[in-house]
Amino acid sequence: MAPAPVAKAFADATISIPLDEITTLHPVTDTVRASRKYAQITASVREVGLIEPIAVSIDPRTPGRYMVVDGRLRLEALKELGERDAVCLLSSDDEAYTFNKRTNRLAIIQEHKMILRAIELGASEDRVAAALHVKIDHIRRKRRLLDGISPDAVAILEDKHVSINAFDALRKMVSERQIEVAQAMVVMNRFTVSYAKTLLAGTPDSQLIAGRRRRQKTNGVTDEQLSIMQRESATLDREFRVIEETYGLDHLDLVLAKGYLGRMLANVQVHNYLERHHKDILAELMQLTEQQATVA
């Protein structure tokens with residue numbers, strides 16, 4: 001049976017949109033503008049241009065306007081630098097709030113791709129380092145970030161904030177094990193180097209690449225402890241596959257429920273009734289939907 005067609009989340013081509021036609025759900029505060037991350041983004045846009053397009057969706061409430069899905073800091077930096085238009089990716093999903101958690105900061109793999117793109121466009125490593133306010137060795141290390149990393153593992157971790165040192169542990173494993181470890185990191189929501197090293201310690205020699213196999217006992221870990229870690233790792237892999245079987249439907253149910261609650265709270269009469277009679281419930285629902293818009 002042929003697989004069912006999958007709807008694309010974004011259009012294939014970028015489009016140029018005037019900045020005054022793009023709005024965000026969460027304005028950039030003075031605290032954010034004073035942050036090091038915002039300074040890096042502004043310097044990067046000034047020095048090498050907008051490498052990663054801003055993701056937007058059509059605002060269903062206002063014809064001719066767009067909502068930011070990913071890239072509100074890049075948008076603010078463009079405005080601050082006096083630009084009039086932005087290169088954007090148009091999302092085919094009008095539920096912009098389902099993407100908002102991606103707007104906090106650039107994931108390390110996304111930053112790696114941004115650096116490669118800037119260099120491809122002619123920017124030197126020195127110029128990129130100056131734009132991002134970091135040392136050139138830092139740029140070189142991020143440029144080589146994915147050397148020896150399985151493309152499937154990259155796809156799993158692409159939008160995750162993984163420690164740069166965690167990739168050193170992944171490189172010591174064969175591709176199949178890298179994928180298993182990446183999946184385990186997502187399931188546990190742990191992307192630290194210490195967790196990556198723990199999973200590495202629990203990896204059998206047969207799943208380590210040639211030249212990386214253990215020639216001696218891991219410091220502080222006995223053979224018995226290593227065996228336990230390997231069994232726990234195998235158990236985690238099995239549990240992940242069980243979760244994976246139902247994740248799609250569960251996630252869809254949660255998105256639909258969140259969308260329904262959001263629309264319900266946008267109803268003035270419902271909102272006012274809850275505010276008068278059930279303030280505690282309203283507060284919980286507002287928190288669940290992450291809605292901060294005021295209702296007249």
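Trainee: What separates D137 and R140 by about one helical turn?

Mentor: Their spacing in helix α6 (residues 136–143). D137 and R140 are three residues apart there, so about one helical turn lies between them. Keep in mind that this is a predicted model.

Trainee: Why is the contact of D137 with R140 called a salt bridge?

Mentor: The closest N and O atoms are 3.8 Å apart. The cut-off is within 4 Å, so the pair counts.

Trainee: What makes D137 exposed?

Mentor: D137 has a relative accessible area of 55%. Exposed means over 50%, so D137 qualifies. R140 has 34%. That value lies between 20% and 50%, so R140 is partly exposed.

Trainee: How do you know that D168 and R141 form a salt bridge?

Mentor: N to O, the side chains meet at 3.0 Å. That is within 4 Å, so the term applies.

Trainee: Which parts of the chain does the pair link?

Mentor: Distant ones: D168 sits in helix α8 (residues 166–170) and R141 in helix α6, 27 residues apart. D168 is partly exposed at 33% relative accessible area, and R141 is partly exposed at 32%.

Trainee: Why are D70 and R74 called buried?

Mentor: D70 has a relative accessible area of 8%, and R74 has 10%.

Trainee: How many salt bridges does the structure hold?

Mentor: Twelve.

Terms used. Residues are numbered from 1 along each chain as its sequence is written. This is a predicted model: local features need pLDDT of at least 70, side-chain atom pairs count only at pLDDT 80 or more; totals for chains, interfaces and linings use all residues. Side-chain values use heavy atoms; hydrogens and water are left out. Buried means under 20% relative accessible area, exposed over 50%, partly exposed in between (1.4 Å probe, protein chains only). Helices (H or I, at least four residues) and strands (E, at least two) are DSSP runs, numbered from the N terminus.
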